[in-house]
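Subject: Structure handover

Dear colleague,

Here is the structure, with its sequence.

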Amino acid sequence: MKAAPPDPGLLIRYLLGELPEEECIKLEQACLENDQAFEELEAVEAELTDDYVRGLLDGRRRKEFEERLLIAPGGAENVDLSRRITGRTRGRHS
């Protein structure tokens, strides 16, 4: 029987660097062993990117997003794609 995918709130905290190292390791292991968990992580990352583009993240989470996900490989491209999809330009999300 496969384990349930991780809670979306936990995934957001992982993506934004808010989890202790031990919890990060457990989550990474779960994503390596369970395709559904990895797919959920990717979906939560896409939703977080959309929230960033729409200006829905509070100041702390916005800063964490910029420091971790925006500068990660492919991060800026994901934000640009989300902007194109949502019709938002750089100046309108601030």
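In the protein chain, residues 24 or more positions apart account for 62% of the contacts (heavy atoms within 4.5 Å) with a separation of 6 or more.

This is a predicted model: local features need pLDDT of at least 70, side-chain atom pairs count only at pLDDT 80 or more, and totals for chains, interfaces and linings use all residues. Numbering starts from 1 along each chain as its sequence is written, and side-chain values use heavy atoms, without hydrogens and water.

The order of elements is α-α-α-α-α.

Of its 94 residues, 29% count as buried, meaning under 20% relative accessible area with a 1.4 Å probe, protein chains only. The chain exposes about 6200 Å² (Shrake-Rupley, 1.4 Å probe), and carbon and sulfur atoms supply 51% of that area.

The largest pocket has a volume of about 230 Å³. A pocket here is an open set of points on a 1 Å grid over the protein atoms alone, where a 1.4 Å probe fits, with protein on both sides within 12 Å along at least five of seven lines; lining residues have an atom within 4 Å of a point. The volume is the space filled by probe spheres set on the points, which are joined across faces, edges and corners.

Its lining has 13 residues, with Tyr 14, Leu 15, Phe 38, Leu 41 and Glu 45 nearest the centre. Helices α1 (8–15), α2 (21–33), α3 (35–53) and α4 (59–70) each supply at least two lining residues, and α3 gives the largest share, four.

Regards

Terms used: Buried < 20%, exposed > 50% of the residue type's maximum accessible area, 1.4 Å probe, protein only.
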